[in-house]
Amino acid sequence: MLEEVERWLGSRSWSAADRPLEQLLEAKRQTGRTVSVVLPALDEEATVGAIVATIRAELMTADVPLVDELVVLDSGSTDRTAEVAAAAGARVVHRDSVLPRIPAVPGKGEVLWRSLLVTTGDIVCFVDADLREFSAGFVSGIVGPLLTDPEIQFVKAMYDRPLETGAGQVRSAAGVEQGGRVTELVARPLLNLHWPQLAGFVQPLGGEYAARRSLLERLPFPVGYGVELGLLVDALHTVGLDALAQVDVGVRKHRHQGGQALGRMAAAIYRTAQLRLARGHLVRPRLTQFDRGEHGFVPRTTDVDTEERPPMAEIPEYAERRAA
């Protein structure tokens with residue numbers, strides 16, 4: 001590990017408990033900074049309501065007004081995600097209603113990019129909508145450094161990720177995964193080999209992170225699974241390692257993806273890295289996977305996400321809204 005990264009780990013890695021709510025509220029009062037929380041959601045009716053309710057009950061009250069705005073960005077759910085989120089107290093916005101002149105494409109990054117147009121906070125906090133046993137510390141932990149330290153621009157959550165082995169059983173503490181399977185097999189090797197300054201991030205692909213709007217609006221957003229890696233790499237190149245940080249928020253429990261979904265995720269992440277290593281013309285790649293059929297294995301080929309949205313600051317509608 002680079003000496004620079006070792007120093008960074010000592011000065012830019014914290015625990016959520018290091019900044020009590022009282023400290024955050026005082027910093028928020030003094031700076032006047034506002035906080036938006038965005039939950040990108042696709043068919044998450046089982047979990048989104050509890051997350052919204054927790055944030056509203058613990059971080060959006062008269063006594064604890066840490067979060068100013070809570071938005072669920074629905075990515076085309078076919079279940080009751082929007083209804084459940086609204087009933088719990090979120091403002092629900094459908095992906096296709098945002099910037100309709102640019103047709104939406106499927107993908108998490110697409111939704112995160114469009115969320116900048118429907119939120120107003122100086123600090124934007126992203127939280128995945130499939131978390132179980134959600135703690136408000138996920139939000140307060142990662143927005144804390146942005147409220148208390150003007151040098152910090154981008155903060156990732158870090159946590160343990162217990163992997164359920166069936167029937168609700170969870171691996172013992174000795175078997176807890178610090179990173180997911182795609183993180184350990186794809187993202188971490190890529191970062192260590194090509195962007196060693198980012199080797200200190202425990203959860204580089206984690207979906208819980210916060211950043212200053214002034215940074216996010218300057219970054220391109222990969223439309224699919226590569227968004228977390230892309231934003232992290234581009235933030236490094238835009239503001240430097242010392243402006244990045246991570247906060248330990250404890251344990252993250254969520255729905256785990258199947259092997260083929262992980263394969264598609266890995267391909268998109270690799271492609272996102274490749275685009276950043278060589279910005280020239282690249283052939284659109286495809287990924288072939290196999291399902292067992294009646295007469296043997298059947299190939300199934302899908303396109304790998306390569307499209308990226310430009311920095312939001314370049315979108316006229318965004319500039320007009322910010323000027324208003």
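Val48, Gly49, Val52, Ala53 and Arg56 in helix α3 meet Thr81, Val84, Ala85 and Ala88 in helix α4, where contact means heavy atoms within 4.5 Å. By class, this contact of α3 with α4 has 6 nonpolar, 2 polar and 1 charged residues. Here Ala, Val, Leu, Ile, Met, Phe, Trp, Tyr, Cys and Pro count as nonpolar, Asp, Glu, Lys and Arg as charged, and the others, Gly among them, as polar.

The model is predicted: local features need pLDDT of at least 70 and side-chain atom pairs count only at pLDDT 80 or more, while totals for chains, interfaces and linings use all residues. Residues are numbered from 1 along each chain as its sequence is written, and side-chain values use heavy atoms, with hydrogens and water left out.

Helix α3 covers residues 48-59 and helix α4 residues 81-88; their axes come within 8 Å and cross at roughly 20°. Axes are lines fitted to C-alpha atoms, for helices over the stretch in contact, and angles run from 0 to 180 degrees between N-to-C directions. The crossing of α3 and α4 is right-handed, that is, the near helix is turned clockwise from the far one by less than a right angle, anticlockwise being left-handed.

Leu229, Gly230, Val233 and Asp234 of α9 make the contact with Ile269, Thr272, Ala273 and Arg276 of α10. This contact of α9 with α10 has 4 nonpolar, 2 polar and 2 charged residues.

Thr272 belongs to helix α10, residues 259-277. Thr272 counts as buried, at 3% relative accessibility; buried means under 20% relative accessible area, exposed over 50%, and partly exposed in between (1.4 Å probe, protein chains only). Leaving aside residues up to four places away in sequence, Thr272 touches Pro222, Gly226, Leu229 and Gly230. Ser140, in helix α6, is buried with a relative accessible area of 14%. With residues up to four places away in sequence again not counted, Ser140 touches Leu21, Leu24, Leu59 and Leu66.

Most residues other than glycine have a negative phi. Asp43 has a positive phi, near 55°, and lies in the loop between β2 (35-41) and α3. Asp43 is partly exposed, with a relative accessible area of 33%. Glu133 also has a positive phi, of about 55°, although it is not a glycine. Glu133 sits in the loop between β6 (131-132) and α6 (137-148) and counts as exposed at 62% relative accessibility.

Over the whole protein chain there are 11 helices and 16 strands, which are DSSP runs numbered from the N terminus (helices H or I, at least four residues; strands E, at least two). Of its 324 residues, 52% count as buried. Among contacts with a separation of 6 or more, 73% are between residues 24 or more positions apart. The chain exposes about 14,300 Å², of which carbon and sulfur atoms supply 52%, with areas from the Shrake-Rupley method and a 1.4 Å probe.
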